[in-house]
Amino acid sequence: MNIFTTNRRSYELPLAKTYVRHWGMAEAVRELLQNAIDSDSPFEWEFGADTLHIRSRHSRLQANTLLLGQTSKADSTDTIGSFGEGYKIALLVLTREGYPVTVHNGDRVWRPAFRMSRQFDAEVLCIDDEAAQQRREGLEFEVGGLSPADMATIADGCLHMQATVGEVHETRYGRILRERPGRLYVGGLYVCDTGTQFGYDMQPEYLTLERDRQTVSNFDLLYLTKQMWFETKRWEEIAQMIGDGVKDMEYAEYGAPELVKDACYRAFRAKHPGAVIAKNQDELDALVKRGMTNVVVAERWA
């Protein structure tokens with residue numbers, strides 16, 4: 001339902017106040033950051049005293065983007081969001097959590113609020129749209145009421161907002177973050193902790209996130225981590241990780257280059273000098289019965 005006045009209108013969205021109740025400020029701001037990063041505009045952000053400004057100078061929101069499922073990214077493989085929900089849910093969550101939000105949308109200003117709906121007999125999210133006193137270039141989200149701890153949380157979850165991320169290895173699939181153990185980022189935005197030995201910042205086209213953007217397929221993740229390490233050609237380090245059973249290399253046997261196998265063999269020989277290598281436990285038992293004492297079972301490809 002739209003309510004029109006001379007200079008103002010209100011869009012009533014069928015979004016209950018309790019929707020995505022497990023989300024908080026950090027998840028909501030992540031959605032706004034994601035949209036800005038995915039846009040055709042340079043990513044611009046700034047912290048004020050208690051406010052975050054996120055700008056996309058070449059973007060503009062049309063009213064139809066308030067529809068759930070309406071997105072320009074549905075068929076895109078190199079952006080993070082594709083469900084057509086992101087910024088609407090972000091506005092809902094931030095408003096619910098008490099963070100004032102203003103959207104400067106060219107010559108219009110949008111402000112979210114909860115109001116009782118006669119149609120739904122419940123509180124729903126409404127977007128009040130009015131003419132701006134001064135036109136702004138493109139699109140800007142202002143999120144107010146942020147504490148210093150809130151700002152630190154936001155910056156920690158976005159690599160684009162950090163001066164340095166430490167030592168990295170660049171690959172076509174993304175970056176290996178040596179100094180961010182266990183942390184998974186996609187497109188520079190934090191997703192979850194994974195228990196891997198190293199951190200990773202994956203390119204969105206290579207790793208599909210679940211709908212809540214906070215979970216990922218364990219197989220997809222670990223298949224990709226081994227691919228990233230293979231691209232570094234750090235064969236000796238890779239062999240050491242395989243020998244140590246590091247989670248990042250759990251699927252290393254799939255499509256392993258010969259150079260990986262050779263490095264594993266050298267590492268195995270260094271660990272067991274002079275040993276007779278058995279291919280499996282049955283062969284080891286047979287060799288022991290023949291009187292051989294220095295026999296070991298090969299680890300993976302050794």
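Biologist: In what sense do strand 6 and strand 7 pair, and over how many bridges?

Modeller: First, this is a predicted model: local features need pLDDT of at least 70, side-chain atom pairs count only at pLDDT 80 or more, and totals for chains, interfaces and linings use all residues. Residues are numbered from 1 along each chain as its sequence is written, and side-chain values use heavy atoms, with hydrogens and water left out. Strands (E, at least two residues) and helices (H or I, at least four) are DSSP runs numbered from the N terminus, and two strands pair if DSSP finds at least two bridges between them. Strand 6 and strand 7 pair in the antiparallel sense, over ten bridges.

Biologist: Which residue in the turn between strand 6 and strand 7 has a positive phi?

Modeller: The two strands form a hairpin. Four residues lie between them. The turn residue with a positive phi, about 55°, is D121.

Biologist: Why does D129 count as buried?

Modeller: D129 sits in strand 7, residues 122-131. Buried means under 20% relative accessible area, exposed over 50%, and partly exposed in between, with a 1.4 Å probe and protein chains only. D129 counts as buried because its relative accessibility is 3%.

Biologist: Which side chain does D129 join in a polar contact?

Modeller: Contact means heavy atoms within 4.5 Å. Leaving out residues up to four places away in sequence, D129 touches N7, R8, R9, Y11, R108, V109 and W110. A polar contact is a pair of N or O atoms within 3.5 Å; within protein, one must be able to donate a hydrogen and the other to accept it, and residues adjacent in sequence count only if both atoms are side-chain atoms. At 2.9 Å, the partner side chain is that of R108.

Biologist: What is the bridge partner of R8 in strand 7?

Modeller: Strand 2 and strand 7 are also paired, in the antiparallel sense, over seven bridges. For R8, the partner in strand 7 is E130.

Biologist: How many of the eleven residues of helix 2 are buried?

Modeller: Helix 2 spans residues 86-96 and is mostly covered. The cover over its buried residues includes strand 2, helix 1, strand 5, strand 6, strand 7 and strand 8. Among the buried residues are Y87, K88 and L91.

Biologist: At what angle do helix 1 and helix 2 pack?

Modeller: Axes are lines fitted to C-alpha atoms, for helices over the stretch in contact, and angles run from 0 to 180 degrees between N-to-C directions. The axes of helix 1 and helix 2 are 8 Å apart. Helix 1 contributes M25, A28, V29, E31, L32 and N35 to the contact, and helix 2 contributes G86, Y87, A90, V93 and L94. The angle is about 150°.

Biologist: Which are the edge strands of the open sheet of five strands?

Modeller: The strand order is 9-10-13-11-12, with mixed pairing. Each edge strand pairs on one side only. These are strand 9 (168-171) and strand 12 (189-193).

Biologist: In strand 10, what is the bridge partner of H169?

Modeller: Strand 9 and strand 10 run antiparallel and are joined by four bridges. The partner of H169 is I176.
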